[in-house]
Amino acid sequence: MKKVLPFTPSSRLYFADDLPEVAVVFKGDRLLVRQTAESCFLPCTFETEFAALKELAGEALCVGTFNGMECGAWEIEADCEWQNPDGTEFAEIRSAMHLMDKMSVNAIARARELLAWRQRRQFCGVCGRELVDNASDISRICPECGNTFYPVLAPAVIVAVVRDNKLLLAHNARFKNNMYGLVAGFVEAGENLENAVSREIMEEVGIEVKNIRYFSSQVWPFPNSLMVGFFADYAAGEIKVDGVEIADAGWFSPDEFPEIPRHGSIARKLIDAFCESEF
Ligand SMILES: [Zn+2]
């Protein structure tokens with residue numbers, strides 16, 4: 001059986017002269033996929049419609065190689081009249097990513113982050129000149145003052161806090177449904193990840209934690225986050241929600257869980273890991 005090669009990010013930003021072999025096409029918050037009952041994957045570009053896409057939307061931004069094939073990204077307008085090939089459809093990005101393999105998720109995340117970053121980073125923040133792509137890496141460079149700009153990642157922590165075989169679950173005030181999730185938040189300037197875990201838990205639910213330990217991480221290109229998952233143990237204090245970000249929170253054992261995040265999210269992976277452990 002042929003070995004599957006991992007997704008390899010491109011070492012510099014460039015546009016493909018020819019059609020790339022694998023296409024990542026965004027249309028608003030939707031992504032072009034080929035979907036069957038069991039799986040969802042990125043389309044290859046052998047159909048003639050992709051040549052038409054290149055005519056309409058320009059050359060693809062190359063983001064890396066996908067199982068040895070060149071992978072290029074396009075972002076088209078929501079009202080773009082491109083007719084996508086039979087058997088493909090535009091699916092909501094997060095739902096599609098949850099159904100896809102790791103290699104596809106890496107390619108999609110990189111494509112989305114780089115396209116969004118290029119869009120936001122067109123001009124030099126120092127002197128205002130229009131930036132150009134650097135020929136040697138993925139940065140953009142100012143031809144006037146020489147400043148170099150790289151894509152920025154915004155790390156965020158998400159934490160499963162455990163107390164006496166129960167898990168801390170919180171209902172975010174922004175959630176439209178009655179779902180309860182884990183406490184999460186962005187890392188602040190000057191903090192390490194553990195600082196961010198302690199502060200977020202204290203700010204949002206008013207308790208102290210100890211034994212903070214790394215679990216796993218997840219790309220989150222909406223637009224440029226990296227979610228870093230932790231477990232922590234309850235140390236002291238009583239739950240007191242901030243009432244702004246968190247509307248309600250409590251300790252739950254698995255047999256009394258409210259509605260929880262769907263499969264595929266790092267929140268759910270943390271929750272499942274808690275349920276499968278010896279708590
Ligand atoms: Zn400049």
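Begin by selecting helix α3, whose buried residues are M103, S104, N106, A107, I108, A109, R110, A111, R112, E113 and L114. A residue is called buried if 20 or more other C-beta atoms lie within 10 Å of its own, exposed if 12 or fewer, and partly exposed in between, with C-beta atoms placed from the backbone. The model is predicted: local features need pLDDT of at least 70 and side-chain atom pairs count only at pLDDT 80 or more, whereas totals for chains, interfaces and linings use all residues. Residues are numbered from 1 along each chain as its sequence is written.

Helices (H or I, at least four residues) and strands (E, at least two) are DSSP runs, numbered from the N terminus.

**The whole chain**

Now display the entire protein chain. Its secondary structure comprises 5 helices and 16 strands. The C-alpha atoms occupy a box of roughly 60 × 50 × 40 Å along the principal axes. Of the 279 residues, 29% count as buried. Among contacts between residues at least 6 apart in sequence, 67% join residues at least 24 apart; two residues are in contact if their C-beta atoms, placed from the backbone, lie within 7 Å.

**The two domains**

Colour residues 8-120 as domain 1 and residues 154-276 as domain 2. These bounds come from an automatic or database domain assignment. The domain centres, taken over C-alpha atoms, are separated by 32 Å. The contact draws 8 residues from domain 1 and 7 residues from domain 2. Which element gives the most to the side of domain 1 that touches domain 2? It is helix α3 (residues 102-120), with 7 residues. By class, that side of domain 1 has 4 nonpolar, 2 polar and 2 charged residues. Here Ala, Val, Leu, Ile, Met, Phe, Trp, Tyr, Cys and Pro count as nonpolar, Asp, Glu, Lys and Arg as charged, and the others, Gly among them, as polar.

Next, select strand β11 (residues 154-163) and strand β12 (residues 166-172), which run antiparallel and are joined by 2 bridges. Two strands pair if DSSP finds at least two bridges between them. R163 stands opposite K166 in β12.

Zoom in on the loop between β11 and β12, where D164 and N165 are found. Most residues other than glycine have a negative phi, and most peptide bonds are trans. D164, although not a glycine, has a positive phi of about 50°, and N165, likewise not a glycine, has a positive phi of about 65°. Are these two residues buried or exposed? D164 counts as exposed because it has 9 C-beta neighbours inside 10 Å. N165 is also exposed, with 12 other C-beta atoms within 10 Å.

**A cis peptide bond**

Finally, select F222 and P223, which are joined by a cis peptide bond with omega of about 5°. P223 lies in the loop between β14 (208-220) and β15 (225-236).
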